[in-house]
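Here are my notes from a pass through the file you sent over.

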Amino acid sequence: MSASERHGETPAAGRPRSATTRAQTHLWVAQRVTAMVLAIAVVVHLVMIVMAVRGGLSAAEIIARTRGNEAWLAFYVVFALAAGVHGAIGLRNIAAEAVGLRGRGADLAWVAAGLVTAGFGIRAAIGLYA
Amino acid sequence: MDLRARSHPTYLAFVVHRVSGLLLALFLPVHFWVLGTAIQGEARLDGFLRWTDNPMAKAAETLLVVLLAAHLAGGLRVLALEFLGWRARQKDMVAASAGIALLVGLVFLLNVV
Ligand code: HEM
Ligand code: HEM
């Protein structure tokens, strides 16, 4: 089953089928790869959250863990990138099916939105590090 | 319309995965914006965290934690199906995903209150 069949989509009219399906396959692969990264990151994050909320959540407590810690910085940068891209491709799939928003321009816009979101996450991660 | 497919547990799993993914994707910019306030100092972030220290916010956080765990477990089911060919006992896999999500939510709730 190809990526386009899986999402029940038909290639946009007036566009060579191969280019469209190839782009969709790239997005499909990107979403699967980011999903695998997120699977690990989210387990780490959930364990952290459940432990951190014990006895209330404070900025001091969070920053005590993250300030000057390169390992957490690297973790959050990877996490932000994976989540931003994965979420945007997911929203693209939903928009394509629900309101028929498709095509190369829309795809690029979604990926851009995902990278902007990731940028905000990286900004936050730097704020917690510095 | 043939509705048989929609009464299968995997259809429910699809809907839960879609709704949880959608809500998580909408939560993400908010989450990053809140954490970004730490740039202006610890006090700013603390101010926000104190604002969320009420039953309504905690209920919302619990819901988000459940959604995240549900999306994680459900996503792993899809990946196992696609890449490892785990086709058998999909009903049980869906039930296990739901169980994991509720368990994580319960642990969060027990810790947060
Ligand atoms: C740059 C990446 C991220 C950073 C720096 C970050 C940081 C944090 C921090 C500091 C907390 C408070 C608990 C703790 O100390 O662990 C938290 C909670 C939480 N995070 Fe993240 N996170 C990131 C990405 C994500 C992503 C991608 C999701 C999923 C959409 C997510 C979902 C949550 C949820 C549901 C909570 C608990 C509810 C809350 O406290 O608001 N986070 N995060
Ligand atoms: C916990 C790790 C994660 C895993 C293993 C995972 C896995 C997946 C998989 C396999 C899909 C494709 C489902 C399908 O086509 O049937 C998907 C869709 C999606 N994911 Fe995730 N994901 C994870 C985290 C996240 C996060 C943090 C977000 C939010 C930023 C998110 C948002 C979405 C959205 C919006 C969709 C589209 C749903 C749909 O098309 O019905 N995911 N996820």
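This is a predicted model: local features need pLDDT of at least 70, side-chain atom pairs count only at pLDDT 80 or more; totals for chains, interfaces and linings use all residues.

1. Chain A is helical in its secondary structure, with five helices and zero strands. Going along the sequence, you get the pattern α-α-α-α-α. Chain A has 130 residues, and 44% of them count as buried. If you look at its contacts between residues at least 6 apart in sequence, 72% join residues at least 24 apart.

2. Which residues coordinate the iron atom of ligand 1? A:His45 and B:His31 do, each through NE2, at 2.0 Å. The iron has six donor atoms, and with angles of 85 to 180° among them the site is octahedral. Notice that the histidine pair crosses between chains: A:His45 sits in helix α2 of chain A, and B:His31 in helix α1 of chain B.

3. A:His45 has a relative accessible area of 13%, so A:His45 is classed as buried, the cut-off being under 20%. B:His31 comes out at 23%, which means B:His31 counts as partly exposed.

4. The polar pairs at ligand 1 are worth a glance too. An N or O atom in the side chain of A:His45 is 2.8 Å from a nitrogen atom of ligand 1, and the side chain of B:His31 also has an N or O atom 2.8 Å from a ligand 1 nitrogen. On the oxygen side, a polar side-chain atom of A:Arg65 lies 3.1 Å from an oxygen atom of ligand 1.

5. On to ligand 2, which has 24 residues around it. The closest are A:Gln31, A:His86, B:His17, B:Arg18 and B:His71. Why call this site shared? Because the residues surrounding ligand 2 come from chains A and B. Its shell has 13 nonpolar, nine polar and two charged residues.

6. Which helices build the ligand 2 shell? Each of these supplies at least two residues: α2 (17-52) and α4 (70-99) from chain A, and α1 (9-36) and α3 (55-83) from chain B. The largest share, seven residues, comes from α1(B).

7. The iron atom of ligand 2 is coordinated by A:His86 and B:His71, again by NE2 atoms, at 2.0 Å. Angles among its six donor atoms run from 84 to 179°, and the site is octahedral. A:His86 belongs to helix α4 of chain A and B:His71 to helix α3 of chain B, so this pair joins two chains. Are these histidines buried or exposed? Both A:His86 and B:His71 are buried.

8. For A:His86, the distance to a nitrogen atom of ligand 2 is 2.8 Å. For B:His71, an N or O atom of the side chain is 2.7 Å from a ligand 2 nitrogen. B:His17 has a polar side-chain atom 3.1 Å from a nitrogen of ligand 2.

9. Last, a backbone point away from the ligand discussion. Most residues other than glycine have a negative phi. B:Arg89 is not a glycine, yet has a positive phi of about 50°. You'll find B:Arg89 in the loop between α3 and α4 (90-112) of chain B. Its relative accessible area is 62%, so B:Arg89 counts as exposed, the cut-off being over 50%.

How values were computed. Residues are numbered from 1 along each chain as its sequence is written. Chains are lettered from A and ligands numbered from 1 in the order in which they are written. Side-chain values use heavy atoms; hydrogens and water are left out. A residue is near a molecule or strand if one of its heavy atoms lies within 4 Å of it. A polar contact is a pair of N or O atoms within 3.5 Å; within protein, one must be able to donate a hydrogen and the other to accept it, and residues adjacent in sequence count only if both atoms are side-chain atoms. Helices (H or I, at least four residues) and strands (E, at least two) are DSSP runs, numbered from the N terminus. Ala, Val, Leu, Ile, Met, Phe, Trp, Tyr, Cys and Pro count as nonpolar, Asp, Glu, Lys and Arg as charged, and the others, Gly among them, as polar. Donors are N, O and S atoms within 2.8 Å of the metal (3.2 Å for Na, K and Ca); water is not among the atoms, so sites may look incomplete. Four donors count as tetrahedral if all angles lie between 85 and 135 degrees; four count as square planar and six as octahedral if opposite donors are over 155 degrees apart and all others between 65 and 115; anything else is irregular. Buried means under 20% relative accessible area, exposed over 50%, partly exposed in between (1.4 Å probe, protein chains only). Contact means heavy atoms within 4.5 Å.
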